[in-house]
Amino acid sequence: MASMHIVLEDTHAVWCSADIRSSLQYLVTLFSRKLFNDSLPPVVLKHQLYSLHNDKTSVDKQVVRSDCNKCSTWDSVQSHFIIITLMHSEALVFSFPRQNELRETGELLMFQLGFDSEAFALVFAEDYRAKVLQGEAGRGTLGTVEKFLTKLIPSCSDLSFNKEKMLKEFLFTDSEITQLVKSGVLTVRDAGSWWLSIPNSGKFIKYFIKGRKAVLGMVKKSKYGEILQTELEGRRTTSQVKFQMKYHIHDIIGAELVECIQTTSGTLLRYVDGNVN
Amino acid sequence: MLSFLYARQSGLDDPVRLRRAESTRRVLSLELNHNRDVDRIHGNGINTLDIEVIDGRYMLSGGSDGVIVIYDLENNSKKPQYTCKAICTVGRSVCRHVHKFSVETVQWYPHDTGMFVSSSFDKTMKVWDTETLKPAEEFQFDGNVYCHHMSPVARKHSLVAVGTKDPKVQLCDLKSGSRIHILQGHRGEILSVRWSPRYDHILATASTDSRVHIWDVRRASGSLFTLDQHNGDKSKTSSEAVNTAHNGRVNGLCFTADGLHLLTTGTDDRMRLWNSATGENTLVNYGKVVNESRKGLKFTVSRGCSPEFVFVPCGSSVAVYGLHSGELITMLRGHYNNVDCCEFHPDYQELYSGGKDCNILAWVPVLRQPDIEDEETNSKRGGTHAAINPAFEDAWSSDED
């Protein structure tokens, strides 16, 4: 079901559906594939979704729902919320159950990136599988990686695996685990446990952190430490910023590294003091 | 409003519904009121506030200078302009039993206002007699006392839970003066302790080791459970952070009024809502709740509203969040420096907040504006003083003719 995004200016009513998938697809378009020579699947960060949707809790719920099928914490039916904000700040909220019983299990994969304990990367499962197999083509580890992916994608929602799980549940041998680490699908977390990871993502993380720092610096150096979002989007990116400006803007808004203030000229981004970055 | 009144009168609605709706409306309209003021006695920052539960009339405050002040919150003057007067002070020059260093926590005795307990960085906890303002009992500890709490519902015991620099939580008995009951399990300083408002034997403690333990004080063995932010999913985090409530120090605890949920805040700038019976993280996402406090953070939850609100001091303002939705409702700005504590008055839906700027600010619900009909009836009764447009008012001719 396509998402609805109707804005009626004269009655100030905004229809938005809490369909995370369409937001993810939009954010995926902002990801620069060419930068990595097409070897990486499009990566979106979970907190970028917070900049597009107001209700963080429902975003979390839907992301968890779509990547695991055994969540006992969420017992409410996934529903669409339609929020109509009327002129005198009264809001009517309607919620009703989803019309399509789209089983979203196994469609999205979540990764712990490592530079921030709260930053999670989301990748569509088909993209991930395609890129990993593309990267592995011609190498000896292809078979093991394929086996791992078939085990992983339909059912598993863990971000990390320990040795017991790999040996008993997935029936991998030690040498196969070494092959998986070599291919980049697993990264060492601790003695005997591994994070699920995206192969060749080191470059992504490096560019991402540099770009984030540069964009935040742009906001900080502006007069009074604040800048209109439209103005920031229009600025020329320095050589430090490899991704699209909008990608970074969604990131800094969602991670609350800047404060969003609504003004008559649009959204204003103000640098928040006390950031470690 | 009229529809609520009519529904209550005719029996369509439960009486609680009108009260809850009106309480919620009042909390949503909290703002600083120039008519309400609190006496400024403290010379240094205010660390803690407590309003007594019996009448909601007297408020205690403890400051960084060791001074404790009692205020009368009730407005007996018939004027809207009112300053909450300080009735008595345990001051530095007046009283020789005053705390030497900063008072971190004060709390009224839950059953009457004849007694209150204060704990301070001078490693003591004093039980004061309100009439004479002298300590009736004094407990000495080995390290700075960060917090203490008495159970608001306990009838069978009078235990005060004390959190100090020592990783052991101490329970002091007010009836016998003994302090032999110790709860072991934490590995860092205890920054916050809180009894459950639902059961008199359940205690929650928060510590710098990032863990929150829930204890049943009747049990001899360790804690009932610790709160785990990942709900047992060990894969989501690095191995050291397994089974922790926060990714930093946990410095604030607050039970909701019904005792079914527990809120914790940590220096990882997060606030989490837990189911207090199972210890499950409800995963409500409040976003970044700025928290730089090195000691305990005192925050509070509203009572009697639906939905409930959380008031958290965030830097120099107080952030108001919806409890179950996680939405930031508003930021109450007014303090000149960091806010350290806030306390909600459930009967009048007022919020009192104190901070490093030595001010206690009262956030009062905005009164409804009088309707236009009232003005017309007033003018009929008033006669000559009709409500006329100020542009047509005669401001130049003199009365003496």
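These legends describe close-up views of a predicted model. Residues are numbered from 1 along each chain as its sequence is written, chains are lettered from A and ligands numbered from 1 in the order in which they are written. In this predicted model local features need pLDDT of at least 70, side-chain atom pairs count only at pLDDT 80 or more, totals for chains, interfaces and linings use all residues, and side-chain values use heavy atoms, with hydrogens and water left out.

**View 1. Phe111(A) and Tyr128(A) form an aromatic pair.** The structure holds 19 aromatic pairs over all chains. Rings of Phe, Tyr and Trp (its six-membered ring) pair if their centres lie within 6.5 Å; planes under 30 degrees apart count as stacked, over 60 as edge-to-face and the rest as tilted. Phe111(A) and Tyr128(A) are tilted, at 5.2 Å centre to centre and 45 degrees between the planes. The pair links distant parts of the chain, 17 residues apart: Phe111(A) is in strand E6 (residues 108-112) and Tyr128(A) in helix H4 (residues 125-136) of chain A. Helices (H or I, at least four residues) and strands (E, at least two) are DSSP runs, numbered from the N terminus. Phe111(A) is buried, at 1% relative accessible area. Tyr128(A) is buried too, at 0%. Buried means under 20% relative accessible area, exposed over 50%, partly exposed in between (1.4 Å probe, protein chains only).

**View 2. Aromatic rings form one cluster in chain A.** Its members are Phe31(A), Phe36(A), Phe204(A), Tyr207(A), Phe208(A), Phe243(A) and Tyr247(A). Lys242(A) lies over the face of Tyr207(A), at 5.2 Å from the ring centre. A charge sits over a ring if NZ of Lys or CZ of Arg is within 6 Å of the ring centre and within 35 degrees of the ring normal. In chain B, Arg179(B) lies over the face of Phe141(B), at 4.7 Å from the ring centre.

**View 3. Strands E24-E25-E26-E27 of chain B form an open sheet.** The 4 strands pair in the antiparallel sense. Two strands pair if DSSP finds at least two bridges between them. The edge strands are E24 (300-301) and E27, and each pairs on one side only. E26 (residues 317-322) and E27 (residues 328-333) share 5 bridges. Ser317(B) has Arg333(B) as its bridge partner. Ala319(B) has Met331(B). The hairpin has 5 residues between these strands, and Gly326(B) takes a positive phi near 80 degrees.

**View 4. Leu323(B) lies in the loop between E26 and E27 of chain B.** Leu323(B) is buried, with a relative accessible area of 1%. Leaving aside neighbours within four places in sequence, its contacts (heavy atoms within 4.5 Å) include Leu263(B), Leu273(B), Tyr286(B) and Phe309(B). Leu263(B) is 60 residues away along the chain, yet the two C-alpha atoms are separated by 9.1 Å.

View 5. A search of the whole structure finds 0 disulfides over all chains. A disulfide is a pair of cysteine sulfur atoms within 2.5 Å. Cys305(B) is buried, at 5% relative accessible area.
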